[in-house]
Amino acid sequence: MKEVEMEKDTAVPASALRAALKATTERLSAELTQATHQAPAWSDFEWRAAMAVSVMHGVSALLANRLQWAGPPAWQAFLAEQAEQGRRRERKVRSLLECLHHAARDAGLPLLAMKGSALLNLSIYAEGERPMSDVDLLAQPVDLAESGRLILAAGYAVGITKQRHIAYEPLQQAADRAFGEHEHNPIKIELHEAVREPLPLREVDITAGLLSPGAKPGLNPYSSLAALMRHLLMHAAGNLCVRSVRLIQLHDIAQLAERMSTADWNEALAPANDGRAAWWALPVLTLTQQLFPLQFPKPMTARLTPSIVAASAACPPWLRRACGGWQLADVSLSRLDIPLLPGIEWSHGPADALGLAWRRLHPPEQAATAMMLQGQHSLASSDWTRRPHWRKALSFVLGAQPRAQTLYSMHRALNYRPANSA
C-alpha cells in the first residue's frame with residue numbers, strides 16, 4: 001500500500017497518513033497529561049488528521065476543555081461544536097437512563113448500568129466530556145427476556161444478536177451519522193447476561209461480583225469501585241488485544257486509579273474464571289501508566305504493586321515484554337494498517353496462536369458480522385469488509401491493508417466544515 005485515496009481524485013502517500021496519525025495521536029494524548037501553551041506547527045492535513053484522531057479516541061470534548069492553546073479556526077470550531085454536542089448528548093443519555101431505571105424498577109428487574117453509565121455518577125468528568133455511543137446493561141440470565149421486552153417498550157428494536165450481547169437500535173434514527181458527537185446520532189442499548197472477552201481465543205469471564213447480591217429493582221451501580229475498575233480494565237484489554245483501544249478508555253482508568261486503595265486493587269486484579277490473577281490487566285495498566293504518569297505517583301503505585309506482581313507473573317512472557325514498548329498509535333485505530341494476526345501476543349502458547357490464525361480465516365458469527373457491517377457507516381462502504389476472508393488473507397502478501405474505520409474518520413475530517421460556515 002503506497003497511496004491511500006482520501007477525497008475524489010485525490011490520494012496521499014500512505015507513509016504521510018501514517019506519520020500524521022501517529023504525530024497527532026502522540027501530541028494530543030500528551031496534552032491530556034500535561035497541557036502545554038504552544039500550538040503544534042501542523043499542516044492543514046495534519047490538523048484534519050487531529051480531528052479524526054480526537055473522534056476515534058473519544059477525547060474531543062476533553063481537549064476542548066483542557067487545551068491551553070488555540071489552533072486554526074476550523075480546529076477551534078470543531079472542538080467547540082464537539083463540546084456542545086457532547087453536553088446535549090449526555091443530557092439525552094441521562095434521560096434514557098432515567099427512563100430505563102423507572103421501567104426496570106416497576107418491572108422488578110435489577111440491572112447493572114455499566115462502564116460509561118456508571119462513570120456519569122462519579123463526577124470524574126465535566127458535563128459532555130465523556131462520550132457514550134451506547135448504554136450497556138447487565139441482566140441476570142433469568143431476567144434477560146423480560147429486560148429485552150423492557151427495552152423494546154422504550155422505543156427500541158432488536159439489532160444484532162451476538163454471543164456476548166443483544167444490541168438494540170432506536171426505532172427513530174437518522175439515516176446518516178454526524179461526524180463525532182452529535183445529539184441526533186443514535187444511542188444504542190446493549191444487553192448482556194455476562195461480561196467476558198476472548199483474549200485472544202479463550203474467554204475470560206468476570207461477571208461474578210459486578211452486580212451486588214442485594215441489588216434492587218432498577219438500574220444499579222457496580223458492587224464496588226474495584227468492580228467498576230475490573231470491568232474497565234477488561235473492556236480495554238479486549239480492545240487492546242485487537243489493537244483498537246481508545247484513549248478515553250485509558251483516561252477513565254487513570255482517573256479512577258487515583259481513588260483506589262490496596263484492597264480495591266486486590267479485588268480488581270483477582271483471578272477470573274481462568275484461575276489466573278488478572279494477567280490481561282497488565283498491558284492495559286502498563287500503557288495507561290506510560291500515557292498518564294502523573295495519575296500514578298509513588299504512593300498510588302505502592303498500593304498497586306502487590307496485585308500487579310501477581311498479574312505480571314500470570315501474563316504470557318512475550319506479552320509482558322511487548323507491552324512495555326507499545327505506543328498508543330500502534331495499538332489503536334490511529335494505526336492505519338490492519339494487523340495480520342491481531343492478538344497473537346496474547347496467546348498462552350502455540351495452540352492459542354494456531355487457533356487464532358484459523359479463526360482469522362474462518363471467523364465465527366459471520367452472519368452477525370455481515371449485519372453489523374450494514375449498520376456501521378464507517379464499514380458499510382468499504383470494499384475490504386465485503387471481501388471473502390481468503391481474499392483478505394491473500395491481500396497481506398501484497399502489503400498491509402488500510403483500516404476501514406480509520407479511513408472513514410479521515411474522510412469525514414477532511415470534509416468537515418463548521419456548522420455556521422454554510
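Predicted model: local features only at pLDDT ≥ 70, side-chain atom pairs only at ≥ 80, totals over all residues.

Residues are numbered from 1 along each chain as its sequence is written, and side-chain values use heavy atoms, with hydrogens and water left out.

Helix α7 (residues 225-241) packs with helix α10 (residues 281-291) at an angle of about 90°, their axes lying 8 Å apart; α7 is therefore roughly perpendicular to α10, a term covering angles of 65 to 115 degrees. Helices here are DSSP runs (H or I, at least four residues), and strands are runs of E of at least two. On the α7 side, L233, A236, A237 and L240 meet A281, P283, V284, L285 and L287 of α10, where contact means heavy atoms within 4.5 Å. By class, this contact of α7 with α10 has nine nonpolar residues, with no polar and no charged ones.

Most residues other than glycine have a negative phi, and most peptide bonds are trans. The peptide bond from L199 to P200, however, is cis, with omega near -15°, and P200 is placed in the loop between β8 (196-198) and β9 (203-205).

S123, which is not a glycine, has a positive phi of about 55° and lies in the loop between α5 (116-119) and β4 (134-139). R243 likewise has a positive phi, near 60°, in the loop between α7 and α8 (247-257). S123 is exposed, at 65% relative accessible area, whereas R243 counts as buried at 13%; buried means under 20% and exposed over 50%, with partly exposed in between (1.4 Å probe, protein chains only).

Technical notes. Axes fitted to C-alpha atoms, helices over the stretch in contact; angles between N-to-C directions. Parallel < 35°, antiparallel > 145°, perpendicular 65-115°, else oblique. Nonpolar A, V, L, I, M, F, W, Y, C, P; charged D, E, K, R; others polar.
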